[in-house]
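Dear colleague,

I am handing over the structure below, and my notes on it follow directly after. Please read them alongside the coordinates.

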Amino acid sequence: MMLRGMGFDNTTFLYVASGKIYNAAKYMGPLRRMFPLLQTKDTLALSEELAEFEGYSSRLAALDYTVCVQSEVFVTTQGGNFPHFLMGHRRYLLGGNAKTIKPDKRKLVLSFDDPNIRDGVDSSTTCWKYCTIVT
């Protein structure tokens, strides 16, 4: 909902950087229906190519990092080293022009109780006011 509210539509290419997602078909289904061009390392690489990385979470994270560092826009949804290093690396590579969206999760979750956001009424204003754009 946040991405839609920010103007991203179903022609947007998304890459989800993550480990194995529990019950992925159920939990990723709604996101995949909104963004049919959604990709993960499992959809971009052949299983034979990923086989040498299986069992090594740092190597799998490095694959995600490699894709994310080259992205047009990076949306961080967690704290930790991965997004912080990635944001700095992107700023360096792109000469300070790397767009990163950092949602304020505490404020954003409150907007999900707003009935207007479900109807698409003023949702872009609602979503944007809970995010910081870092360049």
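Y27 lies in helix 2, which covers residues 24-34; helices here are DSSP runs of H or I with at least four residues, strands are runs of E with at least two, and both are numbered from the N terminus. Because its relative accessibility is 47%, Y27 counts as partly exposed, where buried means under 20% relative accessible area, exposed means over 50%, and partly exposed is what falls in between, with a 1.4 Å probe and protein chains only. Together with I21 and Y22, Y27 forms a nonpolar patch on the surface, and the three residues have about 360 Å² of accessible area together. Patches are made of residues with over 30% relative accessible area and no salt bridge, like charges being joined within 9 Å and nonpolar side chains (Val, Leu, Ile, Met, Phe, Trp, Tyr) within 5 Å; accessible areas come from the Shrake-Rupley method with a 1.4 Å probe, and for residues only the protein chains shown count as cover.

Before going on, please note that this is a predicted model, in which local features need pLDDT of at least 70 and side-chain atom pairs count only at pLDDT 80 or more, while totals for chains, interfaces and linings use all residues. Residues are numbered from 1 along each chain as its sequence is written, and side-chain values use heavy atoms, with hydrogens and water left out.

Helix 2 also holds R32, which counts as partly exposed because its relative accessibility is 35%. Between R32 and L14 there are 9.4 Å in space, C-alpha to C-alpha, at a separation of 18 residues in sequence.

The structure holds 1 salt bridge, meaning a side-chain nitrogen of Lys or Arg within 4 Å of a carboxyl oxygen of Asp or Glu. In this salt bridge the side chains of D64 and K41 meet at 2.7 Å, N to O, and the pair links distant parts of the chain, since D64 is in helix 5 (residues 57-69) and K41 is in helix 3 (residues 41-44), 23 residues apart. D64 counts as buried because its relative accessibility is 4%, and K41 counts as buried at 11%.

Turning to the strands, strand 3 and strand 4 (residues 99-103) pair in the parallel sense over 3 bridges, where pairing requires that DSSP finds at least two bridges between two strands. The chain crosses from strand 3 through helix 6 to strand 4, and this β-α-β crossover is right-handed, which means that, with the strands pointing away from the viewer, the path from the first strand over the helix to the second runs clockwise.

Q78 sits in the loop between strand 3 (73-75) and helix 6 (81-93), and its relative accessibility of 47% is why Q78 counts as partly exposed. Leaving aside residues up to four places away in sequence, Q78 touches P83 and K105, a contact being heavy atoms within 4.5 Å. Q78 and K105 are 27 residues apart in sequence, and their C-alpha atoms are 9.3 Å apart.

For the chain as a whole, the secondary structure comes to 9 helices and 5 strands, and 27% of the 135 residues count as buried.
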